[in-house]
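Please keep the sequence and the 3D view at hand while reading.

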Amino acid sequence: MSEDNKSTAVDLKNLKAGGFIKERKKDLFTIRLRVPGGRLPVSRLKRIAEVAEKYCSEGMVHLSVRQSVELINVNFKDFDAVVAELGEGDQRVASCGARVRVPTACGGCEYNPNGLVDTQKTALEVDRQLFGTSTGHHKFKVGFAGCPFDCPKSATNDVGFQGAILPELANDACIGCGLCVKSCSDGAITMGDVKLPRLDACLCTWCGDCVKVCPTEAWRAAKRGYTVRIGGKWGRHPLVGTLFASFLPEEQVVDFIATVLDWYKEKAEGKGRTRLGEIIIQEGPNSLLSALRSKFPQYVVDATIPPQRIETQVGKRPG
Amino acid sequence: MKNIDLRGVSCPTNFVKAKLALELLDAGDKVEFLLDDGESVKNVPRSLKGEGHKLLALTEVDGYYVLSLEKGEE
Ligand code: SF4
Ligand code: SF4
Ligand code: SF4
């Protein structure tokens, strides 16, 4: 009897908020904690450790592939205690279901020498403003890479962001040292006849290495922002997102994602549990391009291709 | 000019060695580093620039590179 009372006393509001995932064993659940951008203060880590020690019955936690900390093997009767002891508010659990998920991000420019933009700051802002927004259709993932190395594989997200710099040469400042030619991994810079580097813009991937190495600041960033690819997902039938915008300023990222979400909500109406990339393939990319162009005319590309299917060689799709 | 051979030393040890070598010099001194092609020649100059040194030139010699540099202020 007292058992029953205890179980009905579990606050179902906590459950609905998501982040509680049923495990194989009876009564055991995983509690997924939000770690936007994969960075957490040591004080929070300590608190999580204390709670985990008490409630994770096998004495283990798991780091999810999208950077969340997961308390595993937790008895559902302990939910309320876990939530209370973590301290609600700053320890909100992560979302599941047809919602905007916790954004992932690499270290970006803060301490990584390759980073070109502040991915951590953008990820936190997106998390603050859009986390948990219901899409009405399917999950919605957002990820941030600091540069074109793209360790976080941004194009496998519904909306993926990659830091970028458009280089521009101030001829007068160049001393002809040749460092930029050697630094460019894409062979986009060659040394011209008069010891002046020449940029072949179609080979450039906007990595900014030339700007970083140039001793006299002859190479400068004419533009800086995010390269945006949309419509990616992984899983059984992977899609790689395609280019929809370039050099999108960091402070327009939240509005940009919100515009994509509005388009998705409208176009996926009545189509059930379908990811954004599939909707773009059905509708054609121009519809989303023009919805975005009306709000972000400077940054949206002139034309693009639909999200690209990856042949997994297992499981043919009907039709 | 002082000449420091960093060939055969991989990243980031080559950069750390370059840093240690520079500690023995005065600001304004010039030095040459010998670097392997590939990662070394891509990473070391950029990192040294990031530390405030002045890169002067990069020359290819028989499959390796010579980076000339002037030590910056502390
Ligand atoms: S994507 Fe770029 S900035 Fe981010 S971790 Fe990788 S190399 Fe560093
Ligand atoms: S930004 Fe990167 S790819 Fe483009 S020219 Fe500079 S070094 Fe080459
Ligand atoms: S690195 Fe800068 S100074 Fe050296 S050749 Fe390139 S543009 Fe000129």
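## A loop residue at the contact

Glu217(A) is placed in the loop that runs between H7 and strand S10 (219-230) of chain A. The model is a predicted one, and in it Glu217(A) has a positive phi of about 60 degrees, although this residue is not a glycine. The side chain of Glu217(A) also meets that of Lys49(B) in a salt bridge, with 3.5 Å from N to O. Between chain A and chain B the count is 3 salt bridges, and the count of residue pairs in polar contact between these two chains, with both residues at pLDDT 80 or more, is 7.

Helix H6 (179-183) and helix H7 (209-213) of chain A each supply at least two residues of the side of chain A that touches chain B. The largest share of that side comes from H7(A), which gives 4 residues. Sorted by class, the side of chain A that touches chain B holds 8 nonpolar, 4 polar and 4 charged residues.

How much area is buried between chain A and chain B? The value is about 1100 Å², and carbon and sulfur atoms give 56% of it. In chain A, the residues that lose the most area to chain B are Leu179(A), Lys182(A) and Lys212(A), which together make up 46% of what that side buries. The contact as a whole takes 16 residues from chain A and 12 residues from chain B.

## Pairs of side chains

Side chains of opposite charge can pair when their charged atoms come close. Over all chains, the count comes to 14 salt bridges. Two of the pairs are set out here.

| Salt bridge | N to O distance |
|---|---|
| Arg32(A) and Glu70(A) | 2.9 Å |
| Lys49(B) and Glu217(A) | 3.5 Å |

In one of them, the rings of Phe20(A) and Phe79(A) have their centres 4.4 Å apart and their planes at 40 degrees, so the pair counts as tilted. Because Phe20(A) lies in strand S1 (residues 20-22) of chain A and Phe79(A) in helix H4 (residues 79-86) of chain A, the pair ties together parts that are 59 residues apart in sequence.

## The ligand shell and a cis bond

Ligand 1 is surrounded by residues of chain A, among them Cys106(A), Cys147(A), Cys151(A), Asn112(A), Asn114(A) and Asp150(A). The residues of this shell divide into 5 nonpolar, 4 polar and 1 charged.

In chain B, the peptide bond from Cys11(B) to Pro12(B) is cis, with omega near -5 degrees. Pro12(B) has its place in the loop between strand S1 (2-5) and helix H1 (13-23) of chain B.

Technical notes: Residues numbered from 1 in each chain as written. Chains lettered and ligands numbered in written order. Predicted model: local features only at pLDDT ≥ 70, side-chain atom pairs only at ≥ 80, totals over all residues. Heavy atoms only, no water. Contact = heavy atoms within 4.5 Å. Buried area = accessible area lost by both parts, 1.4 Å probe. Salt bridge = Lys/Arg side-chain N within 4 Å of Asp/Glu carboxyl O. Polar contact = N/O pair within 3.5 Å; in protein donor to acceptor, adjacent residues only side chain to side chain. Nonpolar A, V, L, I, M, F, W, Y, C, P; charged D, E, K, R; others polar. Near = heavy atom within 4 Å. Phe/Tyr/Trp six-rings, centres within 6.5 Å; stacked < 30°, edge-to-face > 60°.
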